[in-house]
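Please look over the structure shown here before reading on. The report after it takes up a few parts in turn.

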Amino acid sequence: MSVPFLAMQEILKIFPPAVVALDRVSVEFRPGEIHAVVGENGAGKSTLMKVLYGLEAANSGQIQLRGQAVQFHSPGQAIAAGIGMVHQEILLVQEYRVWENIVLGLEPAGWFGRLDERQALRSVQQKIDEFHFNLDPLARVGEISVAARQKVEILKLLYRNVAVLILDEPTAVLTPQEIPQLFAELRRLRAGGKTILFISHHLEEVLELSDRITVLRKGRQVATLETSATNQAELSRLMIGRELARPPRPAAAPPGQPVLEVEGLSYRDGAGRLRLQDLSLQVRAGEIVGVAGVEGNGQFELVNVLMGLNPPESGRLLVQGHDLTRAEILERRRRIAFVSQDRGRLGAAVRATITENALMTHHRLNPRFTRWRGWRLEARAALQFARRIETQFGVSMASPEQPFQSLSGGNQQKVILGRELLLETPFLLLDQPTRGLDVGSMEYVHELILTLRAEQRAILLISADLEELFRLSDRIVVLHRGRLVADLPAVSASLEQVGALMLEGKEHPDGPQAD
Amino acid sequence: MGRKLISALLGVLIALALGALIMLLQGYNPLSTYAALFSFSLLGWSPLATTLRNAVPLILTGLSASVAFASGPVNLGQPGQLLMGALFATLGGLSLDLPPLVMIPVLLLLAMLGGAFWSGLAALARHWFNMDEFITTLMLNMIADYFTYWAISYPLYDAEAFSPMTPQIHRAGWLPEFGDFNSNVLVMLAAFGALWFLFNRLTAGYEWRLTGQNGLFARLGGVNIERNYLAVMLVTGALAGLAGGLVVMAGPHRFLKGLGANYAWDGVMIAVVANNGLVGTLLYGLFFSSLQTGALGMELITAVPGEFIQVLQAVIVLVVVAGRGRLDWLLERSLARQKARERAA
């Protein structure tokens, strides 16, 4: 017990110019344990793992493997030493078969260096059997589910005989039904003597799966705990330094008049594929309608058609009775506020200043921001407006003249929300408004959305986070292959029911709601 | 701003040092060469006046490229737009004879019209046929080149001349000179001021800049992308056209063969070096003009050939563009190291 299996000691990592990402973090990992690393976004979880895996070089500190000091300059060296990482975004060759992806880079050579296919296939099948992975080695990666691809990534590392597997947010890409299966597989790996490091910010998962938990906060190691000796409340307090406020959802006032009315909307993409099929949807004043769906089932196209980036093939779009089906974008923006899921691409010009980003759309719709009949910008009004967003939405910034990209993700989203909410539109389209935000900022955005509902605004909330949808929505609609397959009141719907609808477009035959 | 200036100065100094190295390798004395170069471009009223006057077409075409690139459209048609501007101004100068106070503004407007007409063709080609301005402006350069060559060889040919050129424009259209200084500099400064105001203070300029940085964001924000595109093409074409008009009105007072020289391509190069900044374009334009102006003196006094200036310009472009960001990166990294030492201690 004197020599730890794997230890990171006094790891210090500073991102230029002076962002302390890891402040002398020391963690020990035991052989054959599942060790969770938790923390808010930006707490340093991924950085710590990247240092271990050789993707980032630490400024100081050392790593010891079985008592030997090691230093990895690349992931290849880490894998050779027995440490492998499964990334959040899965990196596989779509056109290759499962076994080809697994042996890629480490192919068994036959005569004259030719790939020995039979040998490769046999050893891949062996690994699949050893760990009871339910996977067809001959399937093409492009045709299998995300969960199966994740298995391929894990197998890839097992094929390289790693002793330590790092998984970065492995459940983020999975549906609720697929998570238990992953956990079962990880437990089998642990039984086989592997050490698993598991990054997550879903505390329920962490508590269910792990043996020990290390909590990071703002680059510091706050605690390492035995899972059996802790609970969710303690962990969230350690993670954010305070108890999470989770007030019971305020009872919804009875919703008012319909604000958004979508009637029979269809959209065909450039290649002629029908991406949205006969969509009808209503959102009333004071109502939040959540759109659930596995990514790629028409959410993107719905947003583009609503915002006027793509014309629909048929159908109508009305906001407060005004027909906006073919309206100019500026005309739509009088009635639609929009928060996109991709801040850098759709939500902001990141190199422009905060003020310039805050001013967008307002400069055309609000005469307060211009002089000379709209020709000249009123710079002072713009600056005041940015300051108003700063105070009203609690943005922490040095100056409204600093570049937008110098803000943290949470603060960027606050500026965007401020800009869009202050347009004072009756309808809001929120496309994954909390994507990439830490727990504190997420909480803030949720509160804000509920306040907006209380102000009798109509909100369409698209989210990949089912928990978020259930927490905020009055009704949940499910998008599956471009069609709305369900419209359920949130209070009576269940997570499993919505999960099944997302995956299969219909309710599960043996689900509780089916009988 | 301060850091940008330091980075730019450092880049220029490194480039000059590299230039010195090249001269040493060739067996020339770099110190006396640089002394000759800058004494013929900066020391004294007359060299200074020449440098300023030569800087005008560089800066105006540079501003044209900077505004276009910063706003999105890849207008590379400055050479053609310059020629068309010069042709329009020449036509006006030959056919009109008004009092100078009216004549000069009219010819300047005609020059801008000529440039805007030529860039407008590219804008229309995109609007109607979805042709990329990157290609069309380049092609239109060729057409402008041969079209103006034909115009000065046949319809506008000066019968008394031995090579293709037009007669001189009417006296009233000549830009006044104050001693050694030509008033084309004043026109350029006025254009610079107006453009700066447009770009930084007007609603249109705000939309152009944000569209240039993220067109999709601007479009979703309600910006009329199509209209702004047309406006940017017309304005930047007018700037290049103005450069051409000023070349005629300040210099030979006629359109002669090879009038456009390399002004417009140098202007594009200056925009690239200045990272599409307006003030940067003005300053680099002055600097490049001082190099080009001093080249003649350098050739006169030393044995270094005038072509060396082109080598030097290329080195400056490479060093400044490659060094941009790299310097910031080095600075930030050393700050991070310092912080790491503090923490570790």
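## Confidence in the model

This is a predicted model. Chain A has a mean pLDDT of 85, and 92% of its residues reach 70 or more.

Two stretches of chain A stay under 50 in pLDDT. One of them is residues 243-248 of chain A, for which the model has six contacts beyond four places in sequence. Another is residues 510-515 of chain A, with 11 contacts beyond four places in sequence. Where pLDDT is low, the predicted coordinates should not be read in detail.

## Domains of chain A

Chain A is split into domain 1, which covers 6-240, and domain 2, which is made of 258-335 + 425-504. Between the C-alpha centres of domain 1 of chain A and domain 2 of chain A the distance is 34 Å. Nine residues from domain 1 of chain A and 12 residues from domain 2 of chain A take part in the contact. On the domain 1 side of this contact in chain A there are three nonpolar, five polar and one charged residues.

## A sheet in chain A

An open sheet of four strands in chain A has the order S12-S11-S14-S15, with antiparallel pairing. Its edge strands are S12 (274-284) and S15 (322-323) of chain A, each of which pairs on one side only.

Strand S14 of chain A, residues 314-319, is joined to S15(A) by two bridges in the antiparallel sense. Opposite Leu318(A) stands Asp323(A), which belongs to S15(A).

## Arg332(A)

Arg332(A) is part of helix H10 of chain A. Is Arg332(A) buried or exposed? Arg332(A) has 22 C-beta neighbours inside 10 Å, and therefore counts as buried; the cut-off for a buried residue is 20 or more.

Leaving out residues up to four places away in sequence, Arg332(A) touches Met307(A), Gly308(A), Leu324(A) and Ala327(A). Met239(A) is 93 residues from Arg332(A) in sequence, and their C-alpha atoms are 41 Å apart in space.

## Contact between chains A and B

Across the two chains, 30 residues of chain A are in contact with 21 residues of chain B. On the chain A side, strand S1 (6-15), helix H10 (329-333), helix H11 (343-347), helix H13 (362-365) and strand S18 (376-377) each supply at least two residues. The chain A residues on this side comprise 17 nonpolar, seven polar and six charged.

In soluble globular proteins, nonpolar side chains tend to be buried together. The largest nonpolar core in this model has 91 residues, and the members that touch the most others are Leu60(B), Ala86(B), Ala111(B), Leu239(B), Leu242(B) and Ala243(B). The most residues in this core, 14, come from helix H10 of chain B, residues 225-250. Beyond its neighbours within four places in sequence, Leu239(B) is in contact with Leu60(B), Leu63(B), Ser64(B), Gly115(B) and Ala191(B).

## A buried helix in chain B

Why is helix H8 of chain B described as largely enclosed by the rest of the structure? Helix H8 (residues 203-213) of chain B is so described because 11 of its 11 residues are buried. Among these buried residues of H8(B) are Tyr206(B), Trp208(B) and Leu210(B), along with the charged residues Glu207(B) and Arg209(B).

Notes:
Residues are numbered from 1 along each chain as its sequence is written. Chains are lettered from A and ligands numbered from 1 in the order in which they are written. This is a predicted model: local features need pLDDT of at least 70, side-chain atom pairs count only at pLDDT 80 or more; totals for chains, interfaces and linings use all residues. Two residues are in contact if their C-beta atoms, placed from the backbone, lie within 7 Å. A nonpolar core is a set of buried Ala, Val, Leu, Ile, Met, Phe, Trp, Tyr and Cys residues joined through C-beta atoms within 7 Å. A residue is buried if 20 or more other C-beta atoms lie within 10 Å of its own, exposed if 12 or fewer, and partly exposed in between; C-beta atoms are placed from the backbone. Domain bounds come from an automatic or database domain assignment. pLDDT is the predictor's confidence in each residue, from 0 to 100. Two strands pair if DSSP finds at least two bridges between them.
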